[in-house]
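Dear colleague,

Please find below the structure I am handing over to you, together with its sequence. My findings follow after it.

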Amino acid sequence: MSFMKRLKMIFSAKANKALDRAEDPRETLDYSYERQLEMLQKVRRGVADVATSRKRLELQQAQLQGQSDKLENQSRQALAAGREDLAREALTRRSGVQQQQQDLAAQHAALQAEEEKLTLASQRLQAKVDAFRTRKETIKATYTAAEAQTKIGEAFSGISEEMGDVGLAIQRAEDKTQSMQARAGAIDELLASGALDDPTGTAKDDITVELERMSSQSDVELELARLKGEIGGGKAPDAIEASPAAGAPAEATPAEPAKTEGDRP
Amino acid sequence: MIVRILGGEGQLRVDDTHGELLNGLDSGLERAVEAGDEAGFRSALADLLAQVRTLGEPLADDELVESDALLPSDDATLEEVRAMLTDTAEGLIPG
């Protein structure tokens, strides 16, 4: 097992270098313990950072889902109004949103795994630091400085390896969450700029505007028909006058697709 | 023998009777790293990790024991492992 052992030797040499200090070996124990507590803090912050990133992703996932549902509704409305072109546009955008959703789902799974791993590592480090403290107190109470040397060596090598590894794991997690934060920021910008539309529905996208225009147009026609009925036929029922009027938006339809497509590059 | 798997996974105690099996896998991994063979490295590392996890018993959290051997985590790249072997300066241990 020469290779695995070589890796171990190199790793330990570096880990020990980071810990070696102090004249009296018993002082080194205290110094090392301080470092361990610092590392524990660092690990806990790392876990919290990963959790924050995960929650942000979850928020974005919900926003994208809302966007996807909205586009699906729009495509239904457009089709019901006989506007296949508009429905196609809505579905095309929806497939773009779904692509983003898939990316986020993969990132979310990776973050969750990272969070679980770090949580376990943090618990383990806590247990080892506690064990180290107990052993440290025993050594200080029981042995002279000279005697303590070997005992301390044993206690150190176990903990320094753990510290080195956990330190590395935290560093990697930080790198990962940083690159994810950058991507999450890009999605936030997309959502805010309206390219993916505003999930709160406060800003109107062009499909909504078009659907509303069509709907208000047909409302106007209905209202016109009703008024005509009142004036012309006294109490003539809506239904009779409404049928020619309902034809009006249909007449306008052929011109619409050309106009909409022309608007879009 | 005690093996640590990097990436915060912790240590496992593997019975010495499995030495021969692990030795074979270990040599495979070493060859792949030295040859810069990415695919070979991936599969050798995956095999070795799988065997260690299957054969080994995780150590109790409060055990303070030095490992005899060390393995990179699943997602370690060939480059990272090579850097670990050659880079004697700091960088491995933060802070």
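In this predicted model, helix α2 (residues 25-80) of chain A packs against helix α3 (residues 84-142) of chain A at an angle of about 165°, and their axes are 7 Å apart. Angles over 145 degrees count as roughly antiparallel, and α2(A) and α3(A) are therefore roughly antiparallel to each other. Their crossing is left-handed. The contact of α2(A) with α3(A) comprises 27 nonpolar, 20 polar and 14 charged residues.

The largest nonpolar core has 41 residues, of which A:Val43, A:Leu118, A:Leu125, A:Phe132 and A:Ile159 touch the most other members. At least two residues of this core come from each of α2, α3, α4 (145-193) and α5 (206-232) of chain A. Leaving aside residues up to four places away in sequence, A:Leu118 touches A:Val43, A:Gly46, A:Val47, A:Val50, A:Ala169, A:Ile170 and A:Ala173. There is also a second, separate core of 30 residues, which includes B:Ala32, B:Leu45, B:Ala69 and B:Leu71.

I would also draw your attention to one residue of chain B. B:Leu6 is located in the loop between β1 (2-5) and β2 (10-13) of chain B. Buried means under 20% relative accessible area; B:Leu6 has a value of 6% and is therefore buried. Residues up to four places away in sequence again set aside, B:Leu6 touches A:Phe11 and A:Asp165 as well as B:Leu70, B:Leu71, B:Pro72, B:Ser73 and B:Met84. Between B:Leu6 and B:Glu34 there are 28 residues of separation in sequence and 20 Å in space, C-alpha to C-alpha.

Yours sincerely

Technical notes. Residues are numbered from 1 along each chain as its sequence is written. Chains are lettered from A and ligands numbered from 1 in the order in which they are written. This is a predicted model: local features need pLDDT of at least 70, side-chain atom pairs count only at pLDDT 80 or more; totals for chains, interfaces and linings use all residues. Side-chain values use heavy atoms; hydrogens and water are left out. Axes are lines fitted to C-alpha atoms, for helices over the stretch in contact, and angles run from 0 to 180 degrees between N-to-C directions. Helices (H or I, at least four residues) and strands (E, at least two) are DSSP runs, numbered from the N terminus. Angles under 35 degrees count as roughly parallel, over 145 as roughly antiparallel, 65 to 115 as roughly perpendicular and the rest as oblique. A crossing is left-handed if the near helix is turned anticlockwise from the far one by less than a right angle, and right-handed if clockwise. Ala, Val, Leu, Ile, Met, Phe, Trp, Tyr, Cys and Pro count as nonpolar, Asp, Glu, Lys and Arg as charged, and the others, Gly among them, as polar. A nonpolar core is a set of buried Ala, Val, Leu, Ile, Met, Phe, Trp, Tyr and Cys residues joined through side-chain atoms within 4.5 Å. Buried means under 20% relative accessible area, exposed over 50%, partly exposed in between (1.4 Å probe, protein chains only). Contact means heavy atoms within 4.5 Å.
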